[in-house]
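Colleague: I've got a model open and I'd like to learn how to read it. Could you walk me through it?

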Amino acid sequence: MDKRNLAFGRVNFILLAFGMVIVILGFILMSGQGSSEAQFNPDIFSSMRVKVAPVVCFVGFASMVFAIIYRTKDKQTNEDNNVANNKAVISQKKK
């Protein structure tokens, strides 16, 4: 398969993997023992589980969105060159 036909580049996949690791880390921070009917565990309301871990997950999801949107400069310069070439062709046709 040709490299030009791929939607994502190598950098995108690396950023996606990095975001996934951050999300997994957030879920690990949220995990732990829960309460049972016989005994209440106050650790379920710790600040790490309630505040820190969801923020870590959110940062991971946001970085994954950034990885999907991110475009490498090679694609941008190729598209800019194509636009410039199309404008030159259009201006030559008008003459």
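Colleague: How many helices and how many strands are there in the protein?

Modeller: Keep in mind that this is a predicted model. The protein has three helices and zero strands, and along the sequence that reads as α-α-α.

Colleague: What share of the 95 residues is buried?

Modeller: Buried residues account for 15% of them.

Colleague: Okay, now aromatic pairs. What describes a pair of aromatic rings?

Modeller: You describe the pair by the distance of the centres and the angle of the planes. Here the count comes to three aromatic pairs. Take Phe-8 and Phe-13: their ring centres are 5.7 Å apart and their planes sit at 90°, so this pair is edge-to-face; the cut-off for that label is over 60 degrees.

Colleague: And why does Phe-8 count as partly exposed?

Modeller: Because its relative accessibility is 26%, and partly exposed runs between the 20% limit for buried and the 50% limit for exposed. Phe-13, at 49%, counts as partly exposed too.

Colleague: Which residues make the nonpolar surface patch of about 260 Å²?

Modeller: That patch is made by Val-11, Phe-66 and Tyr-70.

Colleague: Where is Tyr-70?

Modeller: Look in the loop between helix H2 (47-69) and helix H3 (73-94). Tyr-70 has 31% relative accessibility, so it counts as partly exposed.

Colleague: One last thing, contacts between residues at least 6 apart in sequence: what percentage join residues at least 24 apart?

Modeller: For this protein, 67% of those contacts do.

Notes: Residues are numbered from 1 along each chain as its sequence is written. This is a predicted model: local features need pLDDT of at least 70, side-chain atom pairs count only at pLDDT 80 or more; totals for chains, interfaces and linings use all residues. Side-chain values use heavy atoms; hydrogens and water are left out. Rings of Phe, Tyr and Trp (its six-membered ring) pair if their centres lie within 6.5 Å; planes under 30 degrees apart count as stacked, over 60 as edge-to-face and the rest as tilted. Buried means under 20% relative accessible area, exposed over 50%, partly exposed in between (1.4 Å probe, protein chains only). Patches are made of residues with over 30% relative accessible area and no salt bridge: like charges are joined within 9 Å, nonpolar side chains (Val, Leu, Ile, Met, Phe, Trp, Tyr) within 5 Å. Accessible areas come from the Shrake-Rupley method with a 1.4 Å probe; for residues, only the protein chains shown count as cover. A salt bridge is a side-chain nitrogen of Lys or Arg within 4 Å of a carboxyl oxygen of Asp or Glu. Helices (H or I, at least four residues) and strands (E, at least two) are DSSP runs, numbered from the N terminus. Contact means heavy atoms within 4.5 Å.
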